[in-house]
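Morning, everyone. I will talk about the pockets in one model and about the ligand in it.

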Amino acid sequence: MEYPIFVTRPYLPPKEEYDRLTDEIWNNRWLTNQGAVLQRFEAALADYLEVPQVSTVVNGHMALDIAIKALELTGEVITTPFTFASTTHAIVQNGLTPVFCDIDEHTLTMDVSKIEALITERTSAILAVHVYGHPCDMQAIENIAQKHGLKVIYDAAHAFGVRVDGKSIVTYGDISIFSFHATKLFHSVEGGMLYARDPELLRKCNLLRNYGIENEILVSSPGGNAKMSEFHAAMGLLVLKRIDELIEERRTITQRYRENLKDLPGLLLCDSTAPNASYNYAYMPSRILPEFPVDRDELYESLKESGIYTRRYFYPLTSDFACYENKFANAQVSVAKMVASQILALPIYNGLTSEEVDYICQCIRRSG
Ligand code: T4K
């Protein structure tokens, strides 16, 4: 067994394969700015996702930033506080106001029945998150957005490989984004991607990742630099080759957890896969309910003493971050607050062995 056991570990492809691609990069002497490897990576992604083209970027956060800029959002954006810092910060960093919607206790995504009450004349968009890779109620969000003339961005950072009604989850909303961070099921060390069904909008995203440069003399928008390098694209290409096997291995790990912990009172393994969606087994979130003998933080500490580093994804809520100094204290997010106080993401990654899962489960049982 490998100690400590982290909440996640990046999958690494065979080193020789990466070496072959870096040799190619060396020979080309072309390191970034839409090089040959990146073009192959984008083509492979488009092929896997069954879309005409995609726009890769340096990370998921910049993908969100570009999505907000490309859609020219203004005023208020309705969003979830039960997410990683990036989602809320991207809104705030663009001079917009996040308006927090509570979450559904079962799916842990935005409670769509509470969105309309939050819409004002300043609302320009809904930025929803497919938390842990579980799809939001996209039909309801689409209906609300159409009725009120709002744009929709999906933060699909956790949802690579998920399909809804037979289509990649990235094809929904005005723009969807992925994160390809090292801690993700699918990664390119650092990286991210945008997709927009409207080719003009996707073109705008492409321009925004490269200073708005159309050609050597025409600069059409004040964009920044969010281009992915050849080295990152090389890693992405190699991980993508194996993505289906990686998802399958995680499915087996998830099943073992479920089998081991199924009759443990007070510990709920979150499972909210919609009947019309596939799942990618990106995370192993659990909720430590009041009937469990110890609370979430006590369990977190006791597992740490046994060398198991779980994470409280997502606690605290982003609306409670110190940097926002009670700005959002009035947000009506009681379900999100309760879930954030109970949530514990258990280790899951490619290479986590059955023995390690059994050990983690034994330690959980012993703590209780
Ligand atoms: N939207 C959502 C909903 C997101 O969850 C995220 C990112 C984003 C947007 C933004 O996407 P990016 O800009 O990041 O592409 C991690 C990731 O850094 C972050 O990508 C991810 N969400 C978030 C949920 O998790 P931390 O601060 O928890 O990472 P860290 O460094 O503590 O790593 C977690 C564990 O992983 C470590 O304890 C050990 C292991 N690890 C980590 C790294 C980096 C390794 O074994 N090897 C490694 O190289 O945020």
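First, a term: a pocket is an open set of grid points with protein on both sides within 12 Å along at least five of seven lines, and its lining residues have an atom within 4 Å of a point. Please keep in mind that this is a predicted model.

With that term in hand, take the second largest pocket, to which helix H3 gives the most lining, with 3 residues. H4 and strand S9 (175-179) each supply at least two residues as well. The volume is about 410 Å³. There are 22 lining residues, and those closest to the centre are Phe84, Ser179, His181, Thr183 and Lys184. By class, this lining divides into 8 nonpolar, 11 polar and 3 charged residues.

Where does the ligand sit? The ligand is in the second largest pocket. Around the ligand are 24 residues, and Asp155, His158, Ser179, Arg311 and Tyr313 are the closest. Now the polar atoms. A ligand nitrogen is 2.7 Å from an N or O atom in the Asp155 side chain. A ligand oxygen is 2.7 Å from an N or O atom in the side chain of His158. For Tyr313, a polar side-chain atom lies 2.5 Å from an oxygen of the ligand. On its own the ligand exposes 930 Å², and the protein buries 76% of that.

Last, the largest pocket. It holds about 490 Å³ of space. Its lining has 29 residues, with Cys136, Asp137, Met138, Gln139 and Tyr154 nearest the centre. Here H5 gives the most, with 6 residues.

Technical notes: Residues are numbered from 1 along each chain as its sequence is written. This is a predicted model: local features need pLDDT of at least 70, side-chain atom pairs count only at pLDDT 80 or more; totals for chains, interfaces and linings use all residues. Side-chain values use heavy atoms; hydrogens and water are left out. A residue is near a molecule or strand if one of its heavy atoms lies within 4 Å of it. A polar contact is a pair of N or O atoms within 3.5 Å; within protein, one must be able to donate a hydrogen and the other to accept it, and residues adjacent in sequence count only if both atoms are side-chain atoms. Accessible areas come from the Shrake-Rupley method with a 1.4 Å probe; for residues, only the protein chains shown count as cover. On a 1 Å grid over the protein atoms alone, a cavity is a set of points where a 1.4 Å probe fits but cannot get out, and a pocket is an open set with protein on both sides within 12 Å along at least five of seven lines; lining residues have an atom within 4 Å of a point. A molecule sits in a cavity or pocket if more than half of its atoms lie within 2 Å of its grid points. Grid points are joined across faces, edges and corners, and a volume is the space filled by probe spheres set on the points. Helices (H or I, at least four residues) and strands (E, at least two) are DSSP runs, numbered from the N terminus. Ala, Val, Leu, Ile, Met, Phe, Trp, Tyr, Cys and Pro count as nonpolar, Asp, Glu, Lys and Arg as charged, and the others, Gly among them, as polar.
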